[in-house]
Amino acid sequence: MSSESQKILTTDGIPLEESLKKTERKNKIKAFLLVCPLLFFLIISYVSPIVGMLFTSVDDRMVTNMLPKTFKAMEDWDGKDLPSEKVFEAFYLDYKILVDENRHGKLATQMNYEKNGFKSILKKLARKQKKFEEGNYKEQIMKVHKRWGQVDYWRAIKRRAPSYSYIKYLKGVDMYENEEGKIVEVPEDRRIYKILWLRTLEIALVVTIFCFLLAYPIAHLLATLPMKYSNLLMICVLLPFWTSLLVRTASWMILLQQQGLVNDFLVWIGIVADDHRPVMMYNKIGTYIAMTQILLPFMVLPLYSVMKTISPSLMRAGKSLGGTPFITFWKIYFPLTIPGIGAGCLLVFILAIGYYITPELVGGASGTLISNQIAYHMKHTLDWSFASAMGLMLLTGVLVVYWVYNKLVGIDNIKLG
Amino acid sequence: MALPKYTETHYRIWHYCYLFFCGCVFFFLIAPLFVIFPLSFNAEEFLVFSEGMKRLDPEAFSLRWYHDMIYGTKNPWGLAAKNSFIIAIFATIGSVILGTVAALGLSSKHMPYKGIIMATLISPMIVPLIISGVAIFFFMAKVGLAATHAGIILAHIILGTPFVVITVTATLSGFDHSVTRAAASLGSNPVNTFMKITLPLILPGVISGGLFAFVTSFDEVVIVLFLAGLDNTTIPIQMWTGLREQLSPTILSVATCLIVLSTLVLVAAELLRRRSERIRGINR
């Protein structure tokens with residue numbers, strides 16, 4: 001609108017532009033108010049606890065609270081020579097309370113992670129300290145075990161003084177901070193988490209690839225068959241999709257056991273001898289097979305919904321221009337299905353990387369994933385800060401995958417059913 | 001999809017290989033479900049096909065595990081089923097109401113910060129379940145709702161809403177907004193317009209979102225494992241303990257019942273999808 005022309009007024013005498021803006025703002029507020037209940041519900045009960053996990057993961061007050069006097073006494077210790085009698089006395093008093101309340105085992109576990117060999121000398125001290133006489137604790141403690149006279153062990157205690165630390169994250173990738181404050185890897189025989197991360201990644205990738213290889217042909221068949229046949233076959237995809245995860249896992253447990261139908265079949269066709277039935281459950285193979293079948297519908301459905309939109313005349317055009325069926329498929333059909341491939345692979349990969357139930361039931365020791373370890377620390381060792389740290393590392397991984405996907409394909413391609 | 005007569009032999013062979021492969025995949029998908037069915041009628045205590053069953057001897061089949069499921073001593077399934085249904089129904093109602101209202105706001109073209117809000121709303125679907133479980137457990141423990149029905153219901157509402165938001169937004173994408181304007185011009189207030197005009201039109205989307213929410217809640221183990229006490233055991237939790245500890249054929253009877261239930265859900269979802277497509281004018 002040119003500036004010279006008179007402003008158009010509404011019937012109320014307000015300039016139209018202003019009135020429009022007002023309505024626009026009103027609409028914005030109205031739309032936002034509709035979203036509000038769910039948004040705030042989720043922020044309070046879901047997003048904020050996830051952010052809270054960040055604090056839990058660096059929270060190291062457990063040790064700090066167990067040895068309050070020791071850490072206070074250690075404040076003016078330079079860490080070069082053995083600490084003074086004052087520190088030894090404070091440590092004795094702290095530890096006595098822990099032993100009396102039967103909490104010293106936890107301290108031993110925590111300190112042993114900090115420095116190898118702590119568990120035994122702490123246990124020995126717990127037994128011997130009952131007979132301690134008053135005064136001169138430094139000598140008495142050092143007499144319990146010669147390691148108490150080594151300055152390294154006292155430095156290790158001092159390192160646990162701060163209330164917040166990132167050691168749980170280091171632990172999650174098999175690293176620790178040594179005496180000099182350098183971050184190094186733990187000895188080879190004690191590395192567990194790196195293997196677990198790699199295995200999680202490997203299983204998620206392999207399952208995604210398997211799902212893709214199995215889903216692509218059947219999605220293509222479903223999309224090209226006449227309606228009356230494809231609807232019938234679609235049931236084969238949708239029924240497992242709607243069936244309880246535990247039911248499907250249970251059926252795989254039955255099928256894969258040593259006396260199960262799969263083994264029976266292998267014996268019957270003569271691939272394996274009756275007394276050499278392969279173990280297919282409680283290992284990686286079981287996890288692969290069960291997870292592939294369980295996640296397959298999540299690959300088929302996005303592929304199908306994309307393939308359904310590809311006009312068959314494109315293929316005919318390709319062929320009429322002299323392309324062989326393989327070339328027309330590769331040059332025309334396949335590129336058009338890439339959004340579906342992206343959506344399916346993303347969905348399956350993200351679901352697989354955080355899978356818990358199926359690996360726990362059919363995975364055994366060699367087929368479990370990082371989520372099983374998180375659950376283990378949540379429910380059994382009660383090391384919640386470590387569970388949070390691992391959870392957040394996993395979440396970061398998932399979000400990176402998600403972000404890459406969004407850059408490459410765009411997120412609007414996820415469809416349900 | 002019969003091949004044209006002029007097809008060359010090697011393409012013909014290739015085509016039949018392809019069909020055979022597809023057949024195998026469909027078999028792989030569906031067959032495991034059908035293993036459970038006959039085994040649940042097993043007369044013996046083992047989870048393998050007995051010799052009698054392989055010979056189809058009527059003696060080898062019985063209903064004893066169904067009997068055990070319903071009348072068994074110290075039977076946990078009754079309580080579990082009751083809890084499961086209560087939790088799933090309330091969680092579905094909650095998810096549907098919150099999700100539908102939010103979807104109405106989200107699909108308005110005036111909605112500010114649409115991207116980030118949408119991402120937040122569907123985040124429970126993207127974040128791995130185990131992490132959601134840990135986070136929700138921390139929250140429920142803090143507010144004192146751990147080991148209560150209310151806590152589990154709230155947790156399942158969190159998990160269920162993304163499905164409702166997605167299905168309803170999809171339905172609303174084909175929604176003709178002039179009908180609500182027409183209603184408004186005829187003097188209807190917004191609530192009345194929603195109940196009389198909008199809701200009936202988006203109902204298929206709402207119900208199918210609700211079905212997703214129901215199934216998610218009904219089938220959810222991870223979060224309930226963290227949250228549930230002895231009084232809030234659900235069917236999946238019972239199955240989980242059963243599968244880990246004493247593998248009894250009663251589980252298979254329950255599993256069979258669940259398969260029947262999921263078949264019903266499938267039929268309902270499929271009918272809804274077709275109706276929704278018809279309403280939105282998508283012809284295939």
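Author: Let me begin with chain B of this predicted model: of its 284 residues, 44% count as buried.

Reader: What makes a residue of chain B count as buried?

Author: The test is a count of neighbours: a residue is buried if 20 or more other C-beta atoms lie within 10 Å of its own C-beta. In chain B, 44% of the 284 residues pass that test.

Reader: Can we try the test on one residue? Why is A:M74 called buried?

Author: A:M74 has 21 other C-beta atoms within 10 Å. The cut-off is 20 or more, so A:M74 is buried. This residue lies in helix α3 (residues 68–74) of chain A.

Reader: And which residues does A:M74 touch, leaving aside those up to four places away in sequence?

Author: A:M74 touches A:P83, A:V87, A:K158 and A:A161. A:L295, on the other hand, is 221 residues from A:M74 in sequence and 55 Å from it in space, C-alpha to C-alpha.

Reader: Now for B:G78: why is that residue classed as it is, buried or exposed?

Author: B:G78 has 12 C-beta neighbours inside 10 Å. A residue with 12 or fewer is exposed, so B:G78 counts as exposed. Its place is in helix α4 of chain B.

Reader: How is chain B divided into domains?

Author: Chain B has domain 1 (1–34), domain 2 (40–75) and domain 3 (82–279). The C-alpha centres of domain 1 and domain 2 of chain B lie 37 Å apart. Chain A is divided into domain 1 (1–58), domain 2 (61–163) and domain 3 (193–413), and the C-alpha centres of domain 1 and domain 2 of chain A lie 58 Å apart.

Reader: How do you know what span to expect of helix α5 of chain B?

Author: The expected span is 1.5 Å times one less than the number of residues. Helix α5 (residues 114–126) of chain B has 13 residues and reaches 18 Å from its first C-alpha to its last, close to the 18 Å expected. There is a bend of about 35° at B:T120 in α5(B), and a proline, B:P124, follows within four residues.

Reader: Which residues of α5(B) are buried, and what covers them?

Author: The buried ones include B:I117, B:M118 and B:L121. Their cover includes α1, α17 (338–353) and α20 (384–408) of chain A, together with α4 (77–106), α6 (129–142) and α7 (149–173) of chain B.

Reader: How many residues do the two chains bring into contact?

Author: 69 residues of chain A are in contact with 71 residues of chain B. The largest share of the side of chain A, 19 residues, comes from helix α1 (residues 16–58) of chain A. By class, that side has 51 nonpolar, 15 polar and three charged residues.

Methods
Residues numbered from 1 in each chain as written. Chains lettered and ligands numbered in written order. Predicted model: local features only at pLDDT ≥ 70, side-chain atom pairs only at ≥ 80, totals over all residues. Domains from an automatic or database assignment. Contact = placed C-beta atoms within 7 Å. Helix = DSSP H or I, 4+ residues; strand = E, 2+ residues; numbered from the N terminus. Nonpolar A, V, L, I, M, F, W, Y, C, P; charged D, E, K, R; others polar. Bend = angle between axes of the 7 residues up to and from the residue.
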